[in-house]
Amino acid sequence: MPATDTEDSRQAVGGDAGGSGDSDEMASGLDALESPVSATAATSRRLLAMAAPPLAAVALVLALWQLAHVLNWSATLPAPAAVWGELAAAWSDGTLLPSLGHSMLRCLIGFAASAAIGVPLGLLLTRAAPLRTVLGPILSAVQSLPAAALVPVAVIALGNSEGAVYAVVLLGAVPSIAVGVTAAVDQIPPLLLRAGRSMGAGGLRGAVHVLVPAALPGFVTALRQGWTFGWRALMTAELITATPLPGIGRMLDAGRQSGELSLVLASVVLILAVGVVVESVLFAPMERRVLHSRGLATAAGG
């Protein structure tokens, strides 16, 4: 009898253990089935949270715009539908995409060249005090110049050509990037640089492994500012110069010459839309990743 009782107890314990194991396996299987759905739902909620504020802002602007048109606050202000009609007409006659593509390509090329010049120039100014004394005020002065003042200089020097447009973009973006990079390096704690030198990271090694990583958030800000200055300079150059390849600036000038405020506003909407897309797709995620890598922000996607 005692042996039988012991055997029955073991079987009961084994049965309970087996039942517990089956329950754990079933629970893990259910979790595995639910995890993709949960991940998808979390991603959808995150995207909705990111898209909701700008969409709400756009809806508010359109509502106020429509209200101003209905109340006839300005005799020349078109309705939002009229501006949308201009964009639809430009799409239908095949001028919208080429104009947008030419402007984007010019700004991308000009921005890449500006970054390739401005970032090393800014780093050089932080290392060569005499050069910074000479070039620093010049860069700040050029940065403060409106793009409209740069266009005549570029046109007289290079003619109505693509070179003149790119020159205006470079003159608008390079000083901004160089000044921003210099300011970012100046804000690095000196103790961090001394610690790097004490560990053998001096000269080029120190710049690559200590200086640039420490100043990376400031570099992102400098590049963002350079893109903004370059994009604005490009629109001014396209508005004034007569280049063979039309851009958004040419659409803006066509609306100005014809007195069609709806076409002018349609061009402005395109310019703003490009700025918002570049900020949302490129610079905002880049900044989140950089800050997150330093523990200064939440997860890169949030």
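Tutor: Let's start with Arg224, which counts as buried at 17% relative accessibility (buried is under 20% relative accessible area, exposed is over 50%, and partly exposed is in between, using a 1.4 Å probe and protein chains only). Keep in mind that this is a predicted model, where local features need pLDDT of at least 70, side-chain atom pairs count only at pLDDT 80 or more, and totals for chains, interfaces and linings use all residues. Residues are numbered from 1 along each chain as its sequence is written, and side-chain values use heavy atoms, leaving out hydrogens and water.

Arg224 pairs up with Glu279 in a salt bridge, 3.0 Å from N to O (that is, a side-chain nitrogen of Lys or Arg within 4 Å of a carboxyl oxygen of Asp or Glu). This one links distant parts of the chain: Arg224 sits in helix α8 and Glu279 in helix α10 (residues 261-293), 55 residues apart. Helices here are DSSP runs (H or I, at least four residues), numbered from the N terminus. Glu279 itself is partly exposed, at 29% relative accessibility.

Elsewhere, salt bridges with shared partners put Arg106, Glu162 and Glu238 into one network. Take the Glu162 side: Arg106 bridges to Glu162, with the closest N and O atoms 2.6 Å apart. Arg106 belongs to helix α3 (residues 96-127) and Glu162 to helix α6 (residues 162-186), so this contact ties together parts 56 residues apart in sequence. Glu162 is partly exposed, with a relative accessible area of 22%, while Arg106 is buried at 2%.

Glu238 lies in helix α8 (residues 203-240) and Arg106 in helix α3, so here the parts tied together are 132 residues apart in sequence.

Note on methods. Helices (H or I, at least four residues) and strands (E, at least two) are DSSP runs, numbered from the N terminus.
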